[in-house]
Structures are given as C-alpha cells and as structure tokens.
Amino acid sequence: MKSKILEEMNKQINEELFSGYLYYSMSAYFESVGLPGFAHWMRTQALEEQEHAHRFYNYINERGGDVKLQAIEAPQTEWSSPLQIFEAAYKHEQHITGRINKLVEIAQEEKDHASVNFLQWFVAEQVEEEASADEVVQRLKLVEGSKGGLFMIDREMAQRVYALNPEVTF
Ligand code: OFO
C-alpha cells in the first residue's frame with residue numbers, strides 16, 4: 001500500500017474506535033437518566049463501530065501494511081436531551097461519511113483499485129448509518145414534550161440486536 005492511503009486508513013481505525021467510544025459514552029448517559037432501551041441501542045452501535053475499525057485492521061494487514069494505533073480522544077459525557085444526543089450522533093455520522101469519501105478519493109488518486117473496492121462496503125454502510133440516526137431524530141421530534149412517547153420509543157430501542165457480520169473475522 002502507498003503511504004498516504006495507509007496513513008489515512010490507520011487514522012480511520014482511530015475514527016471508528018472514537019465513534020464507538022462516543023456511543024458508549026452516550027449509552028452511559030442514557031443509563032444515568034433512566035432510559036435503558038436507548039442505552040442498549042447505543043451500546044449495540046458502539047459494538048458495530050468496533051467491527052468497522054476491525055475491518056480496516058484486517059484489510060491493512062492483508063495488504064501487508066502496518067497497523068499503528070493512536071490515542072483515542074475523550075468523548076463528550078453530558079447532553080441536555082435524547083434529541084440533542086441523536087442530533088449529535090447524526091452529525092457525527094455525516095463527519096464519518098466525509099472521511100470515507102476522502103479515503104475513496106485518495107485510493108482513486110493512487111489508482112489503488114483494491115482499496116476503492118474495499119471502501120465500497122463503507123460507502124453503502126454510511127447511507128444506513130446516517131439514515132438510522134436521522135430516523136431516531138425525527139421520531140424524537142414527533143414526541144417532544146411527551147414522556148409517554150419517549151418511554152414508548154425507549155422500549156422499542158431495547159429490541160435492537162447485534163449480530164456480528166460473518167464476513168468479519170476477529
Ligand atoms: Fe463506522 O459508522 Fe458509524 O461512525
């Protein structure tokens with residue numbers, strides 16, 4: 001692998017692990033305000049982010065590059081409402097989409113077709129990541145001010161199931 005794409009993929013491992021750390025922090029906040037379903041949803045999301053980081057880890061190793069882990073930034077720990085949290089999660093996913101697009105552009109510039117191909121999974125995944133955060137934003141807006149509505153969504157959020165994608169080997 002050329003050094004620029006290798007450096008940016010190593011940075012992406014950090015970005016994905018930070019995403020997981022942020023969602024884990026959001027989960028802790030939901031626990032602290034008595035919304036266990038939202039907390040569970042966020043912990044599931046944190047596990048998915050670990051899987052995303054691991055996809056890059058595996059890919060770099062397969063290509064003969066060296067994985068170099070960097071310090072993970074401390075995440076925010078306080079928010080003012082569930083809506084504010086999901087708006088922040090949506091904004092964060094837009095940032096990650098920007099990162100993935102940048103990686104694709106670098107791989108294209110370097111004519112690294114294998115990396116362009118590898119990154120397509122993430123291009124599609126980011127559409128889902130943004131959509132799922134935005135869907136919760138819209139639902140929370142609909143029930144704003146209604147505790148009953150919030151608890152109803154909390155119960156639904158508790159149903160999320162994490163299934164490790166079989167194509168990712170740990
Ligand atoms: Fe890894 O997709 Fe969210 O951040």
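Which residues line the largest cavity? They are Tyr 23, Trp 41, Gln 45, Phe 86, Ala 89, Glu 93, Glu 129, Ser 132 and Ala 133. This is a predicted model: local features need pLDDT of at least 70, side-chain atom pairs count only at pLDDT 80 or more, and totals for chains, interfaces and linings use all residues. Residues are numbered from 1 along each chain as its sequence is written, and side-chain values use heavy atoms, with hydrogens and water left out.

**Cavity**

- A cavity is a set of points on a 1 Å grid, over the protein atoms alone, where a 1.4 Å probe fits but cannot get out; lining residues have an atom within 4 Å of a point.
- The count comes to 1 cavity of 30 Å³ or more.
- The largest cavity holds about 50 Å³ of space, a volume being the space filled by probe spheres set on the grid points, which are joined across faces, edges and corners.
- Helix 2, helix 3 and helix 4 each give two or more residues to the lining of the largest cavity.
- Helices here are DSSP runs (H or I, at least four residues), numbered from the N terminus.
- The lining of the largest cavity has 5 nonpolar, 2 polar and 2 charged residues.
- Ala, Val, Leu, Ile, Met, Phe, Trp, Tyr, Cys and Pro count as nonpolar, Asp, Glu, Lys and Arg as charged, and the others, Gly among them, as polar.

**Pocket**

- A pocket is an open set of points with protein on both sides within 12 Å along at least five of seven lines.
- The largest pocket holds about 210 Å³ of space.
- Its lining has 13 residues, and the closest to the pocket centre are Glu 48, His 52, Glu 125, Glu 128 and Arg 160.
- Helix 2 and helix 4 (113–142) each supply at least two residues of this lining.
- By class, the pocket lining has 3 nonpolar, 4 polar and 6 charged residues.

**Salt bridges**

- A salt bridge puts a side-chain nitrogen of Lys or Arg within 4 Å of a carboxyl oxygen of Asp or Glu. The count comes to 10.
- Glu 8 pairs with Arg 99, with the closest N and O atoms 2.9 Å apart. This pair links helix 1 to helix 3 (residues 82–109), across 91 residues.
- Glu 15 also forms a salt bridge with Arg 99, at 3.8 Å between the closest N and O atoms. Glu 15 lies in helix 1 and Arg 99 in helix 3, so the pair ties together parts 84 residues apart in sequence.
- Arg 99 counts as buried because its relative accessibility is 6%, and buried means under 20%, exposed over 50%, partly exposed in between (1.4 Å probe, protein chains only).
- Glu 15 is buried too, at 11% relative accessible area.
- Glu 8, Lys 11, Glu 15, Arg 99 and Lys 102 are linked in a network of salt bridges.
- Glu 48 and Arg 160 meet in a salt bridge of 3.2 Å, N to O. Glu 48 lies in helix 2 (residues 36–62) and Arg 160 in the segment after helix 5 (147–157), so the pair ties together parts 112 residues apart in sequence.

**Backbone**

- Lys 111 sits in the loop between helix 3 and helix 4. Its phi is near 55 degrees, a positive value in a residue other than glycine.
- Most residues other than glycine have a negative phi.
- Lys 111 is exposed, with a relative accessible area of 65%.
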